[in-house]
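Here is a short briefing on one protein structure. Look at the sequence and the model first, then read on.

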Amino acid sequence: MAEYNIDNPILFLKGTVASTQIEKRYEHDDDTGLGPNGSNIGIEFNITVSGIDSQSIGSSETRSGSTRAYTGLDIKTGDWLVNNEGKTCLQIITMISKSETEISFIAKDVDAFSYKNYRANGFAAGITEVAFFEVSDSGKPLIAGEDAASFFGDKVAVDLLQSRFAIQEEDERFRMEFSTAQAVSVGQIVSIGDDGNLLPYGETGAFDFKLGLVVSKNYGGTIIHIKPFNTIIDNFNKPSKLAAGSAGDFWYTSNVKPGDITNNINDGGDKVYFQFRDAIPTVVTASVANIASTTGDSIDINTTTYATNVFENLNTAAIVALINQDTANHNVVATNPLLPTVLESYDGGLNPANGDVVIVSSADGGANNAAMKINVSDGNNNTDVEFNISDGTFPNTGGAYLTVSATQMALQLNEEFNSAGVDIIASTKENINGNNNAVYPKLVLTLGNTGSSITITEIAGDAAGQTFQAATAMPLTATASSDSTLILTRADGGDIALTGSGTFVNSNGMVSSSSGTPALLVMIEDEEGTGGVAETGVDIKEEITCNNTTNDGDAVGGSITYTPFSDGNVIVKVNGLAVDISNDKTGVIYFSSDGGATAKTVANIAAGDSLYWNGSVAGYQLETSDDLDIAYQKSSND
């Protein structure tokens with residue numbers, strides 16, 4: 001819901017990057033070479049921009065009212081920022097805090113576009129001037145306002161920026177992001193399964209609706225671009241109307257309330273939408289524990305106002321209770337779960353003895369080995385863990401020092417925790433403090449719901465004489481947390497707009513968010529067609545393994561798999577050169593369904609028809625080393 005609202009002026013604000021650091025790196029070892037075993041690039045960045053100027057506007061319908069100006073308070077999750085060259089362009093995915101002149105946020109190089117094209121996706125702190133802008137609901141960047149011309153200066157910069165978004169428009173691709181790799185291939189027609197993941201159309205478990213054609217897969221198969229067969233609605237104006245639906249539902253015109261829609265077939269008339277993705281909730285999370293309001297604080301949540309006399313001086317639990325009284329009005333639910341109990345490298349001001357979070361298992365290339373050993377308890381159950389598997393060697397030591405990184409530590413810890421019933425999860429986290437951060441991340445231990453504490457007892461050191469704490473820079477104890485964090489959630493994916501007076505709003509993570517996505521729908525344009533979409537032609541190319549031919553009429557050795565769509569054209573190429581298909585047996589090559597006795601006309605070629613070769617007409621015979629391809633269109637129903 002972060003797209004431009006046509007009722008408001010176009011936002012374009014400038015500022016200077018005050019600080020920046022990598023928040024997350026590209027995590028897939030794929031063909032791009034950008035992942036952990038390649039360039040290991042940053043993909044998400046924690047950024048603060050200061051010196052944000054105001055933008056004069058002519059409308060009073062915005063947050064500023066009669067002041068008629070945009071400031072840093074109007075920048076939101078989902079907006080974009082770009083440098084004045086038009087090359088580095090990131091999207092805001094989390095807003096941390098904001099004032100009229102300074103904002104802090106996390107931004108992402110979506111699809112690693114900036115790095116792939118310009119080999120850079122970061123900003124230089126204290127130097128780089130950036131501009132914030134919105135996109136239209138069709139994905140076009142909106143550049144306007146009094147500062148736009150002076151910011152870019154060179155029109156080529158604007159062209160580069162527009163090119164970044166034009167890729168989405170050119171072939172009408174629709175981007176879908178998943179938490180796991182999708183079991184679909186480029187060129188397949190897809191639908192969805194009960195879990196909302198993509199499946200090839202017609203596969204067991206797939207809904208009887210043709211969503212579109214897969215045109216690309218990225219990020220280890222977690223990002224899929226499809227060419228949809230019908231119009232996709234990804235910015236439904238009242239997402240709360242879709243709250244009762246789920247992926248796989250059809251939506252109908254309502255027979256109960258004129259002009260409305262329903263997913264209840266008994267109350268519905270014509271099919272109008274197919275829902276293929278559930279809403280992604282919009283979430284706002286406080287960045288400090290036990291957040292409270294103070295004297296003079298008020299808050300507006302969407303269209304609901306909590307004035308100073310009811311909102312000031314409330315603790316977290318009281319804020320939750322107050323907000324949840326009006327969920328039906330603002331569609332927001334407040335919760336205050338306990339903060340997780342975590343032990344993490346570098347907590348408590350600790351630093352690793354060797355400059356990196358690393359265990360040394362051998363100091364002489366493996367001739368002699370020492371396995372560090374600890375005992376870990378969750379307050380109820382405990383287990384010994386011995387780090388006896390090296391996953392690398394320390395950089396620039398010629399292989400003399402065999403090491404255990406936090407990645408391998410986490411694997412061994414979780415294996416022992418699962419076996420012994422210890423309710424702790426080990427994981428890793430991006431390290432920015434060590435000497436070899438790409439190789440040695442931080443180690444993190446998180447206590448589960450049944451545990452009361454984390455206690456680590458050191459038993460044996462490593463080959464370098466380090467204790468566990470010296471090697472990992474991790475404290476040895478943590479008691480279950482009693483602190484809570486305020487979380488605001490809008491399940492239907494609509495906006496959470498927060499404004500107000502005092503110091504509560506726009507600090508400590510309590511900022512407006514458009515991070516969610518309403519349920520995604522496809523318009524049903526052909527009620528009679530299977531799954532609500534008309535039959536179309538799909539390009540296909542089949543490779544044939546040739547026989548050695550010696551006489552006219554010899555079988556080539558392959559057949560066509562599908563009946564060409566709508567009696568369409570069929571192209572046969574031998575070693576990349578097209579050869580004419582004959583409607584009778586006098587040409588170079590022809591199709592037949594009766595062993596070569598009778599040739600098929602091109603318009604009558606059908607699935608299973610085989611190819612036959614006349615070497616005397618072609619002037620040469622085929623050999624098994626020849627490449628033969630058949631290119632045509634098959635039906636989207638096949």
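Which residue lies over the face of phenylalanine 165? It is arginine 164, at 5.1 Å from the ring centre. This is a predicted model. The points below cover rings, a core, a sheet and a few single residues.

**Charges over rings**

- Arginine 164 and phenylalanine 165 are one example of a charged residue placed over a ring face.
- Lysine 634 gives another example: this residue lies over the face of tyrosine 562, 4.4 Å from the ring centre.

**Aromatic pairs**

- A pair of aromatic rings is described by two things: the distance of the centres and the angle of the planes.
- The structure holds 17 aromatic pairs.
- One of them joins phenylalanine 209 and phenylalanine 274. Their centres are 4.3 Å apart, and the angle between the planes is 10°. This pair is stacked.
- Phenylalanine 209 lies in the loop between strand 12 (198-200) and strand 13 (212-218), while phenylalanine 274 lies in strand 18 (residues 268-277), so the pair ties together parts that are 65 residues apart in sequence.
- Phenylalanine 209 and phenylalanine 274 are both buried.
- Tyrosine 590 and tyrosine 612 also form a stacked pair, because their ring centres are 5.7 Å apart and their planes meet at 20°, which is under 30 degrees.
- Tyrosine 590 belongs to strand 40 (residues 589-592) and tyrosine 612 to strand 41 (residues 610-613), so this pair ties together parts 22 residues apart in sequence.
- Tyrosine 590 counts as buried because its relative accessibility is 1%, under the 20% cut-off.
- Tyrosine 612 is buried too, with a relative accessible area of 8%.
- Ring pairs also build a cluster, made of Phe207, Phe209, Phe250 and Phe274.

**The largest nonpolar core**

- How many residues does the largest nonpolar core have? It has 27.
- Phe387, Leu413 and Leu445 have the most contacts inside this core.
- Several elements give two or more residues to the core. Among them are strand 25 (372-377), strand 26 (382-387), strand 30 (442-447) and helix 8 (468-472).
- Helix 7 provides the largest share, with five residues.
- Leucine 445 has contacts beyond its neighbours within four places in sequence. These include Val342, Leu343, Leu413, Phe417, Ile425, Ile454 and Met474.

- Three strands form an open sheet in the order 21-20-34. The pairing is antiparallel.
- Which strands are at the edges? They are strand 21 (304-306) and strand 34 (498-499), and each pairs on one side only.
- Strand 20 (residues 299-301) pairs with strand 21 over three bridges, in the antiparallel sense.
- Isoleucine 299 stands opposite tyrosine 306 of strand 21.

**A buried asparagine**

- Asparagine 83 sits in strand 5 (residues 80-83).
- Is asparagine 83 buried or exposed? Its relative accessible area is 9%, so asparagine 83 is buried.
- Leaving out residues up to four places away in sequence, asparagine 83 touches Thr88, Phe123, Thr128, Glu129, Phe151 and Phe152.

**Cysteines**

- The structure holds zero disulfides.
- Cysteine 89 counts as buried, at 1% relative accessibility.
- Cysteine 546 is also buried, with a relative accessible area of 3%.

Conventions:
Residues are numbered from 1 along each chain as its sequence is written. This is a predicted model: local features need pLDDT of at least 70, side-chain atom pairs count only at pLDDT 80 or more; totals for chains, interfaces and linings use all residues. Side-chain values use heavy atoms; hydrogens and water are left out. Rings of Phe, Tyr and Trp (its six-membered ring) pair if their centres lie within 6.5 Å; planes under 30 degrees apart count as stacked, over 60 as edge-to-face and the rest as tilted. Helices (H or I, at least four residues) and strands (E, at least two) are DSSP runs, numbered from the N terminus. Buried means under 20% relative accessible area, exposed over 50%, partly exposed in between (1.4 Å probe, protein chains only). A charge sits over a ring if NZ of Lys or CZ of Arg is within 6 Å of the ring centre and within 35 degrees of the ring normal. Contact means heavy atoms within 4.5 Å. Two strands pair if DSSP finds at least two bridges between them. A disulfide is a pair of cysteine sulfur atoms within 2.5 Å. A nonpolar core is a set of buried Ala, Val, Leu, Ile, Met, Phe, Trp, Tyr and Cys residues joined through side-chain atoms within 4.5 Å.
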